[in-house]
Amino acid sequence: MRVGAIQLEQRAHAYLENQKVTFELCVEALQSGCELLVIPELFSSGYLFPSFLDALQFAETSTGPTFYRIFELAKNYLATIVYGYVEYDQKTKRLHNSAAVVNQNGLVTNYRKLMTYVSDTIWATDGDQMPPIFQVNGVDATVMICADAEFPELSAQRNNFDPSIICLPTAWVDENCPSMTWWARVRESSSFMIAADLAGVEHGVQFSGGTSILSPSGDVLAKIDTGSGWISAELEFETRQSPKYETLSASLFLSTSTFSSQDLSIRVPTSIPGPRNGTLHIAALGGSNRQSLEEMCEVLANSSFFNQDISLGSDTLIVTIPSHLESDPSNDAAVDQLLAQTVQRCLKQTSYTDIIINVITQTLDGQKTYRSATRDQLHKSSLPDKLPVLQTAAGFPYSLLSCADLSSWSTCRDSSINGSLLLCISMSACVDWPVVKKQSSDIGLPPFPDHDLANTFNIARVRAGENNVAICVASSDSSATSIPSGVYGPDFFRYPYAESLMTPDQTGIHMTCLTVDNSPLLATNSETKNFSFVAYEKPYLRRRKPWIYASVQE
């Protein structure tokens, strides 16, 4: 099947001009043989409206004037077309940020954006239905709109929902595209994605461009950087592997966390638990697969890291060590003792009141043991049970997870919903989610550093952002495709990122100072490797729609 996407460098509120340019591009794409074509979010009107009344000027019903123009194109070229528009509901008198799907027979389905973003909360009412399934020449497809893609709940495989194609009309901002979020969604759902983006600047807001067609493996099949234009690609569905159905916990869909535009404006705290304000020191121990756990603990205990007066401003240090193979299960008690002794050795060298060492060990038959050693106790668990969300003595909640857990959106989501603000990842290598160089459109962001860790698709960044947590990765794999050790902050789509990473030539201990508070601002300092983030608000989680998700579960 040949599919296509339109990118529009639109003019704000220039309705007729935007439609003229868009429909000319549509004709070109359809004449090339596109059977499915996606047009950007709110392409006619522009994206930014200061009020409901401003948006109302450009509103229409799902079968309004734009529908009829699209319908003519669909009939003439026997194609299916997806486009974004401001929808007016005649019954409720409300506006929605919507996407209509039209083919040669008429309106196929109309979808209302579930996850309205900062700007469209001013005028748009959230939708109340999950993304629909529709067919294009016998192939299942779905439609989501822009920020919907930030929530893996919407694209997760479930009963009667396993689309081969995700259509994404969008007005993506801040991030060079294709977005890391798009990449994560296609990898998780094993779906193709057609992301049609706006380009250019509207009222000072820079749209990302980077309209792309992505394969289920995350490969970019076609892309346009900046300006107006169209792309197309031939999709081969024979090679697509249906994703394995995940058994999703009830807590994932029944959380009482909610969001509304009123919440956004007055910043009401949610029911998701948060810690006291404070500062926490986080360290990742990077090493080599050739080093034993004993050698890694020796590196930690003898590090010059402790000769510095680093404990000022924090009473706790959390250290994560790369995952290790435990070839002899009878050594289990010895591992416990080794960690306890290392904690005590480190405490003697600093003024910290507590040092926590996290590590996951694995036997030859694949059995994992999760360990978190503190000054006074050892938290320990083996699969199928994982450690619950733990807390430091000062009340800071954290979780210990494996590479497989990081790969699973639902495991990370569960930890965050249950109050964790730091996910500690103990891993050797993450072969399922290799880091991939990101060939992105240049929308004028600052240049990436020479070591090139920034300009990559990296699942740790995505998980930190979509869950509003910090993620500490400790890996013994320093290859170019491995997730770098270090600490990733939640504001993952603006560069410079809130993160502090080890470059491939580094080993030993890498420390970050994390300040947690309820300030509405995210402060970063790339020189000192310190950053802070909003702990109490968890803005991404507050926008979830648990009552809708629950309605589609078994």
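1. **The start of helix α5.** A side-chain oxygen of Ser 179 comes to within 2.9 Å of the backbone nitrogen of Thr 181, at the start of α5. This is a polar contact, which is a pair of N or O atoms within 3.5 Å; within protein, one must be able to donate a hydrogen and the other to accept it, and residues adjacent in sequence count only if both atoms are side-chain atoms. Ser 179 itself sits in the loop between β8 and α5. Helices (H or I, at least four residues) and strands (E, at least two) are DSSP runs, numbered from the N terminus.

2. **What kind of model this is.** The model is predicted: local features need pLDDT of at least 70, side-chain atom pairs count only at pLDDT 80 or more, and totals for chains, interfaces and linings use all residues. Residues are numbered from 1 along each chain as its sequence is written, and side-chain values use heavy atoms, with hydrogens and water left out.

3. **Confidence.** pLDDT is the predictor's confidence in each residue, from 0 to 100. The chain averages 82, and 77% of the residues score at least 70. Two stretches need care when you read the model. Over residues 254-276, pLDDT stays under 50, and the model has 55 contacts beyond four places in sequence for them. Over residues 518-528, pLDDT also stays under 50, with 16 such contacts. Contact means heavy atoms within 4.5 Å.

4. **The chain as a whole.** The secondary structure comes to 14 helices and 31 strands. Of the 554 residues, 60% count as buried. Buried means under 20% relative accessible area, exposed over 50%, partly exposed in between (1.4 Å probe, protein chains only). Take contacts between residues at least 6 apart in sequence: 70% of them join residues at least 24 apart. The accessible surface is about 21,200 Å², and 49% of it belongs to carbon and sulfur atoms. Accessible areas come from the Shrake-Rupley method with a 1.4 Å probe; for residues, only the protein chains shown count as cover.

5. **Is α5 open or enclosed?** Helix α5 is largely enclosed by the rest of the structure, because 9 of its 10 residues are buried. Among them are Trp 182, Trp 183, Arg 185 and Glu 188. Ser 179 is buried too, with a relative accessible area of 0%. At the other end, α5 is followed by Ser 190. Ser 190 lies in the loop between α5 and β9. Its phi is positive, about 55°, although Ser 190 is not a glycine. Ser 190 is also buried, at 11% relative accessible area.

6. An open sheet has 6 strands in the order β6-β7-β8-β9-β12-β13, and the pairing is mixed. Two strands pair if DSSP finds at least two bridges between them. The edge strands, β6 (133-136) and β13 (220-223), each pair on one side only. Neighbouring strands are turned by 20° against each other on average, direction ignored. Helix α5 (residues 180-189) packs on this sheet, touching β8, β9 (192-197) and β12 (212-214). The direction of α5 makes about 160° with that of β9. Axes are lines fitted to C-alpha atoms, for helices over the stretch in contact, and angles run from 0 to 180 degrees between N-to-C directions.

7. **β7 and its loop.** Strands β7 (residues 139-143) and β8 (residues 165-170) run parallel, joined by 3 bridges. Ala 141 stands opposite Ile 165 in β8. Cys 146 lies in the loop between β7 and α4 (152-155). Cys 146 is not a glycine, yet its phi is positive, near 45°. Cys 146 counts as buried, at 8% relative accessibility.

8. **Two hairpins around β19.** Strand β18 (residues 354-362) runs antiparallel to β19, with 6 bridges. They form a hairpin with 5 residues between them, and Gly 366 in the turn has a positive phi of about 95°. On to β20 (residues 378-382): 5 bridges join β19 to this strand, again antiparallel. That hairpin has 4 residues between its strands. Tyr 370 is the bridge partner of Ile 360, and also of Ser 381 in β20.

9. **Which way do the residues of β19 point?** Lys 368, Tyr 370 and Ser 372 point one way, and Thr 369, Arg 371 and Ala 373 the other way. In a regular strand the side chains alternate between the two faces of the sheet. In β19 (residues 368-373), 6 of 6 residues are buried.

10. **Another enclosed helix.** In α11 (residues 409-417), 9 of the 9 residues are buried, so this helix is largely enclosed by the rest of the structure. Including Trp 409, Cys 412 and Ile 417, the buried set runs through α11. Just after α11, Gly 419 takes a positive phi of about 110°.
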